Amino acid sequence: MRVLCWFSCGSASAVAAKLAVEKYGNDCEVIYCDTLAHEHTDNIRFLKDVETWLGIKIKILKSKKYKDIFDVFDRTNFLVGPKGLALCTIELKKRLRYEYQLPSDLHVIGYTKEEGKRINRLKKEEFTDFYFPLHENGLSKRDCHKIIAEAGIEQPEMYKLGFRNNNCIGCVKGGAGYWNHVRKVFPYAFERMAKQERKMGATILSDRRKGKNRARLYLDQLDPNSGRMEKESDIECGVLCAIK
């Protein structure tokens, strides 16, 4: 049996991998699906620090079909679905898991104690063996940040900049508050995605004032004062895409 620890350059997945390595030892593989091209450059440093902490080389899987998220957008003509379904996640992460995994594998996922509903739904939707060490040990996201700090590992820069998740800079699953924070901290990433929307004639956001018949809301139309990121749903981007 292989134990596959799916690492996402976030604190929770790092701590989950640490617990799995302590439990299963040499049977563990720690795996990262490469989207570094559009993540913060500090993620490479964090990945290397976590490697040292774990004592295991992190295996990097990369799509053979798509170069990066914008290649996915251009070739599929799809940004994000109404329920947060994103082909960039499916093609660059979830599909890589399907291609790499074996029926006998145990998958280690960094879902925390706050994510019990997500775990229950996952168990119903996928006939795969999973291990959730954070949830099993009652660890929250805050606990994971503390454990990383106590290990002497500096937090990823995205957390320091006020983001709750360490995803691509400018994630299509983000809400209005998130995108206004991107506009403030990474104006180049905001502008690039705004141009991508116009090129495709598709939008990430919709105008909530329109009720059930919500109108498209392009990023270049977004009120700089709209949205509150802390009240928006967490962005889930990983090998379990579409599990809410």
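1. Arg-216 is found in strand E7, which spans residues 215–217. The model is a predicted one. Arg-216 has a relative accessibility of 55% and therefore counts as exposed, the cut-off for that class being over 50%. Ser-206 is 10 residues away from Arg-216 along the chain, yet the C-alpha atoms of the two are separated by 4.6 Å. Leaving out residues up to four places away in sequence, Arg-216 touches Gly-201, Ala-202, Thr-203, Leu-205 and Gln-221.

2. Asn-180 lies in helix H9, residues 176–185. Is Asn-180 buried or exposed? Its relative accessibility is 10%, so Asn-180 counts as buried; the class takes values under 20%. Apart from neighbours within four places in sequence, Asn-180 is in contact with Leu-222, Asp-223, Pro-224, Asn-225 and Ser-226.

3. Five strands form an open sheet in the order E3-E2-E1-E4-E5, and the pairing is parallel. Strand E3 (58–61) and strand E5 (129–131) are the edge strands, each pairing on one side only. On average, and with direction ignored, neighbouring strands of this sheet are turned by 35° against each other.

4. At one end of that order, strand E4 (residues 106–108) pairs with E5 in the parallel sense over three bridges. His-107 has Phe-130 in E5 as its bridge partner. Helix H1 (residues 11–24) lies across strand E1 (3–7), strand E2 (28–33), E4 and E5, and runs at about 160° to E1.

5. How many cavities of 30 Å³ or more does a search of the whole structure find? The search finds three. The largest cavity has a volume of about 100 Å³. Its lining is made up of 14 residues, and those nearest the centre are Ile-69, Cys-88, Thr-89, Cys-168 and Cys-237. Helix H3 (69–76) and helix H4 (87–100) each supply at least two residues of this lining. H4 gives the most, with four residues. By class, the lining of the largest cavity comprises nine nonpolar, four polar and one charged residues.

6. The second largest cavity has a volume of about 80 Å³. Among the residues that line this cavity are Phe-163, Arg-164, Asn-165 and Asn-167, together with Gly-174, Gly-175 and Tyr-178. Met-229, Glu-232, Ser-233 and Ile-235 also belong to the lining of the second largest cavity. Its residues divide into four nonpolar, five polar and two charged.

7. The open space also deserves a point. The second largest pocket holds about 520 Å³ of space. It is lined by 33 residues, of which Ser-8, Ser-13, Gly-110, Glu-236 and Cys-237 are the closest to its centre. E1, H1, E2 and helix H7 (141–150) are the elements that give two or more residues to this lining. The lining of the second largest pocket divides into 15 nonpolar, 11 polar and seven charged residues.

Note on methods: Residues numbered from 1 in each chain as written. Predicted model: local features only at pLDDT ≥ 70, side-chain atom pairs only at ≥ 80, totals over all residues. Heavy atoms only, no water. 1 Å grid on protein atoms, 1.4 Å probe; cavity = no way out; pocket = protein on both sides within 12 Å on 5 of 7 lines; lining within 4 Å. Points joined across faces, edges and corners; volume = space filled by probe spheres on them. Nonpolar A, V, L, I, M, F, W, Y, C, P; charged D, E, K, R; others polar. Pairing = 2+ DSSP bridges. Axes fitted to C-alpha atoms, helices over the stretch in contact; angles between N-to-C directions. Contact = heavy atoms within 4.5 Å. Buried < 20%, exposed > 50% of the residue type's maximum accessible area, 1.4 Å probe, protein only.
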